[in-house]
Amino acid sequence: MNPPIRWSTFAAPSRFYQLAGALNPWFWAVAVALAIAGLYVGFLVAPTDATQGDAYRIIFIHVPAAWMSMVLYLAMAFWAAVGWMFNARMGSMLARALAPTGAMFTFLALWTGSFWGKPAWGTWWVWDARLTSELILLFLYLGFIALQSAIDDVVRGDKAGALLAIVGAVNVPIIYFSVRWWNTLHQGATISMTAAPKMAQTMLLAMLLMTFAFWAYAFAVVFTRAQALALERERDTDWVRALAAKG
Amino acid sequence: MIWASWSDFWHMGGYGLYVWGAYAVCLAAMLGEPWLTRRHRRQALQAAASREETSP
């Protein structure tokens, strides 16, 4: 009989490093395969939208990027809290590793939204509830990164960042429900997508494929960054020395 | 096939600038970030190795 897997052992940075190294090629393979499938369906199968023309094809990266920006923030706040409450080093490192990728997806959600807003609404930007709360999310990510890099003491930096991340998490439901709570410009565009049922199916498929591709991408990049952070923080330990000696 | 030709495809029904402007930046960011992150990890490993050589 196999011994039971003790998940807490992966909390040790050395074990995490190994696990991430073993999983990452798979995450990359999944990300590339799903992105190719998603772009194929999105550009060669999904028909032109009756009301929006081909501008709607931005949705296949816009919505996944926006979803990832929120999911990664919650993951960041979760791991920062775990690192703080349980003194789990790897939790704090994961929180730091998540922040730049989350910030990048937030930027992409805003950028692609802007390039969709111009043809759909006639403007690159409006101070609408959805857009403004997403912009605040970008500032929360940048504030988290700046705060942690401004504090030299690693443990204090982790704690200060955790506090900011947890308090800022209140913004995520605000973003998500903003289109319901306020009468925003953002809502109309999303609703027209479900107008024709057959069209919505291929559109939905492409959007979901791209979402899972982005998800796998986020795992791969965040794990790689967490590996780098673990190497830097644990540079005086035997496992890093052994890795460095191997080259 | 929904596109009659390549130029039709790039034109995107008149929305080429917006569609490709959004996708190009997305692609650049999602190629650049992994490159920078892998470099970060490589440099961290090299730093650990050089520390190994200088320490007694």
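1. In this predicted model, H2(A) and H5(A) pass each other in a left-handed crossing, a crossing being left-handed if the near helix is turned anticlockwise from the far one by less than a right angle, and right-handed if clockwise. Met76(A), Ala77(A), Ala80(A), Ala81(A), Gly83(A) and Trp84(A) of H2(A) make the contact with Asp158(A), Lys159(A), Gly161(A), Ala162(A), Ala165(A) and Ile166(A) of H5(A), where contact requires C-beta atoms, placed from the backbone, within 7 Å. By class there are 8 nonpolar, 2 polar and 2 charged residues in this contact; Ala, Val, Leu, Ile, Met, Phe, Trp, Tyr, Cys and Pro count as nonpolar, Asp, Glu, Lys and Arg as charged, and the others, Gly among them, as polar.

2. The axes of H2(A) and H5(A) come within 9 Å and cross at roughly 135 degrees, and the two helices are therefore oblique to each other. Axes are lines fitted to C-alpha atoms, for helices over the stretch in contact, with angles from 0 to 180 degrees between N-to-C directions; under 35 degrees counts as roughly parallel, over 145 as roughly antiparallel, 65 to 115 as roughly perpendicular and the rest as oblique.

3. The axes of H2(A), residues 59-86, and H6(A), residues 171-181, come within 10 Å and cross at roughly 160 degrees, which means that H2(A) is roughly antiparallel to H6(A). Met70(A), Tyr73(A) and Leu74(A) in H2(A) meet Val172(A), Ile175(A) and Tyr176(A) in H6(A), and this contact holds 6 nonpolar, no polar and no charged residues.

4. The largest nonpolar core has 80 residues, among them Met76(A) and Ala213(A), which belong to the group touching the most other members. Such a core is a set of buried Ala, Val, Leu, Ile, Met, Phe, Trp, Tyr and Cys residues joined through C-beta atoms within 7 Å, buried meaning 20 or more other C-beta atoms within 10 Å of a residue's own. H8(A) gives the most to this core, with 19 residues.

5. Chain B has 2 helices and 0 strands, these being DSSP runs (H or I, at least four residues; E, at least two) numbered from the N terminus. Between the chains, 26 residues of chain B are in contact with 32 residues of chain A, and the chain B side divides into 16 nonpolar, 5 polar and 5 charged.

6. Residues are numbered from 1 along each chain as its sequence is written, and chains are lettered from A and ligands numbered from 1 in the order in which they are written. Local features need pLDDT of at least 70 and side-chain atom pairs count only at pLDDT 80 or more, while totals for chains, interfaces and linings use all residues.

Terms used. Two residues are in contact if their C-beta atoms, placed from the backbone, lie within 7 Å. A residue is buried if 20 or more other C-beta atoms lie within 10 Å of its own, exposed if 12 or fewer, and partly exposed in between; C-beta atoms are placed from the backbone.
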